[in-house]
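Here is a friendly walk through one protein structure, written for someone meeting it for the first time. Please keep the sequence and the 3D view open as you read.

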Amino acid sequence: MKVEIWSDVVCPYCYIGKRRLESALQEFDHAEDIEIQWKSFQLQPDAETKPNMNVVKHLSEVKGWPIEQADQMTRHVTDMAAEEGLEYNFDQAVVANTFKAHRFIHFAQTKDKGGEAKEALLRAYFTEGRNIDDNDTLVHMAEELGLEAEETRSMLKSDKFSNAVKQDVVSAQNMNIRGVPFFLFNRKYAVSGAQQKETFLKALNKAWSEWKEEQHPV
């Protein structure tokens, strides 16, 4: 059964939602039969990569918030992430456009490494302070995932998978998806946001029950 997930690499709630879904899958009896497909979504499609800009200051400028409010928000979401075993270092995070990172995920998915690439990018942005819009960084990440370096570099220098990213964005618009993370189970049941593990488990069980009936009708 397929679970499609629209998310952005710089979305703090997307990483939290990913962990909570994974926690639910650990308690789901048919986890080995679940296919996860990562879909692209850009919260700020026109964002400029600014390696030297503080993320808190960037958030303040984009949202029009006082710097204190932006700092408070990042502290709050950092605490939420910590509850899921995630380490967020917003003071190190590099402001970056995510289009190239989404292309990288699509490329990795053709090598059955989509989930690993998504995890690596989220960790690179939120924890490690790496520039996810930098070719050298992405090539090194590919090598860490067991992907071929020169093939990755060639892909990044081309426009490969650009249409795939754009198609994901259009499909999100067509389904009126306005925020991420957004989880779609068997194209029928949706979960919006970084909900609790129990919500994901309920959606998995309900979608699975109907999917099995579709595969083996009486």
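Helix α7 is covered by several parts of the protein, and what covers its buried residues includes α4 (99-109) and α6 (135-144). Helices and strands here are DSSP runs (H or I of at least four residues for helices, E of at least two for strands), numbered from the N terminus. The model is a predicted one, in which local features need pLDDT of at least 70 and side-chain atom pairs count only at pLDDT 80 or more, while totals for chains, interfaces and linings use all residues. Residues are numbered from 1 along each chain as its sequence is written, and side-chain values use heavy atoms, with hydrogens and water left out.

Which residues of α7 (149-157) are buried? They are Ala 149, Thr 152, Met 155 and Leu 156. These four cover an arc of only 130° around the axis, which puts them on the same side of α7; the arc is that of the directions from the helix axis to the C-beta atoms. On the other side, Glu 150 and Lys 157 are exposed. Buried means under 20% relative accessible area, exposed over 50%, and partly exposed in between (1.4 Å probe, protein chains only). At the start of the helix, a side-chain oxygen of Glu 148 comes within 3.0 Å of the backbone nitrogen of Glu 150.

Phe 104 touches Thr 152 and Met 155, and its other contacts include Leu 121, Leu 138 and Met 141, leaving aside residues up to four places away in sequence. Contact means heavy atoms within 4.5 Å. Phe 104 is also among the residues that touch the most other members of the largest nonpolar core, which has 57 residues. Such a core is a set of buried Ala, Val, Leu, Ile, Met, Phe, Trp, Tyr and Cys residues joined through side-chain atoms within 4.5 Å. A second, separate core of nine residues includes Cys 11, Cys 14, Phe 41 and Val 180. Cys 11 is buried at 2% relative accessibility, and Cys 14 is buried at 4%. How many disulfides does the whole structure hold? A search finds zero, a disulfide being a pair of cysteine sulfur atoms within 2.5 Å.

Val 180 also takes part in a backbone feature: a cis peptide bond joins it to Pro 181, with omega about 10°. Pro 181 is in the loop between α8 (162-174) and β3 (182-185). Asn 176 lies in that loop too, and its phi is near 60°, a positive value. Asn 186, in the loop between β3 and β4 (189-192), has a positive phi of about 55°. Most residues other than glycine have a negative phi, and most peptide bonds are trans.

Charged side chains make links as well. The structure holds 17 salt bridges, each a side-chain nitrogen of Lys or Arg within 4 Å of a carboxyl oxygen of Asp or Glu. Here are some of them.

| Pair | N to O distance |
|---|---|
| Arg 20 and Glu 84 | 3.0 Å |
| Glu 27 and Lys 197 | 2.7 Å |
| Lys 111 and Glu 151 | 2.8 Å |

The pair of Lys 111 and Glu 151 brings us back to α7: Glu 151 is in that helix, while Lys 111 is in the loop between α4 and α5 (114-126), 40 residues apart. Glu 151 is partly exposed, at 36% relative accessible area. Salt bridges that share partners also join Glu 4, Lys 39, Asp 168 and Arg 187 into one network.

Conventions
Polar contact = N/O pair within 3.5 Å; in protein donor to acceptor, adjacent residues only side chain to side chain.
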